[in-house]
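Welcome to a short tour of side chains that meet. Open your viewer, get ready to select residues, and follow along.

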Amino acid sequence: MTFTDWLVDIALLLVVFRQLREGRLGLRSYLLPLGIVAFFASRYLHGLPTEGNDLVLIGATVAVGAALGIAGGIFARVRSLNGDLMIKAGAVSAALWVLGMGSRMAFQLWVDHGGAAVVGRFSVQHQITSEQVWVTALLLMAVTEVVTRLATIFVRSRTVARTTRPETVSAPLTGRLG
């Protein structure tokens with residue numbers, strides 16, 4: 001892992017740790033994690049490998065990312081306070097985020113420090129065609145986790161905003177007619 005890889009992985013972990021303290025849910029809440037994964041994707045995503053069982057691996061990791069993202073979004077607390085939407089990542093939401101991001105970091109460290117031969121044998125046995133497939137699968141898992149978490153939070157925030165919006169009351173017309 002390069003220094004930049006570490007920075008990006010740690011930045012993604014800090015996104016949720018920042019939300020352990022309740023804060024305003026705004027555009028920055030969405031753009032920061034999306035920007036981080038967009039940077040990651042532009043740096044490491046080089047096509048979609050489709051040979052052998054590449055798509056099976058990619059599909060499995062994307063499914064795990066989606067499950068973690070949706071669950072993390074469900075367990076984040078979204079509420080209205082004085083007209084602002086607020087978000088707080090509870091313990092479960094933060095734990096799911098750390099599980100997803102941390103497991104990818106741990107896998108990368110393990111491969112870099114002795115696990116490459118095991119991954120190589122697994123890849124051959126399961127017809128996974130290259131090292132790049134693993135990079136793509138784990139990256140798409142992260143992107144999916146971020147996007148589904150944010151989408152879940154967005155849907156929940158719209159529901160909260162709709163249910164807490166003051167009702168509009170039509171006032172009768174007053175004054176003289178013409």
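Start by selecting F107 and W110, which sit 3 residues apart in helix α4 (residues 91-125), about one helical turn from each other. Helices here are DSSP runs of H or I with at least four residues, strands are E runs of at least two, and both are numbered from the N terminus. This is a predicted model, where local features need pLDDT of at least 70, side-chain atom pairs count only at pLDDT 80 or more, and totals for chains, interfaces and linings use all residues. Residues are numbered from 1 along each chain as its sequence is written, and side-chain values use heavy atoms, leaving out hydrogens and water.

Next, select E22, R77 and R79, which a network of salt bridges links. A salt bridge puts a side-chain nitrogen of Lys or Arg within 4 Å of a carboxyl oxygen of Asp or Glu. How far apart are the closest N and O atoms of R77 and E22? They are 3.2 Å apart. R77 lies in strand β2 (residues 76-81) and E22 in the loop between α1 (3-18) and β1 (23-24), so this pair ties together parts 55 residues apart in sequence. For R79 and E22, the N to O distance is 2.6 Å.

Finish at D84 and R24, another salt bridge, at 3.7 Å between the closest N and O atoms.
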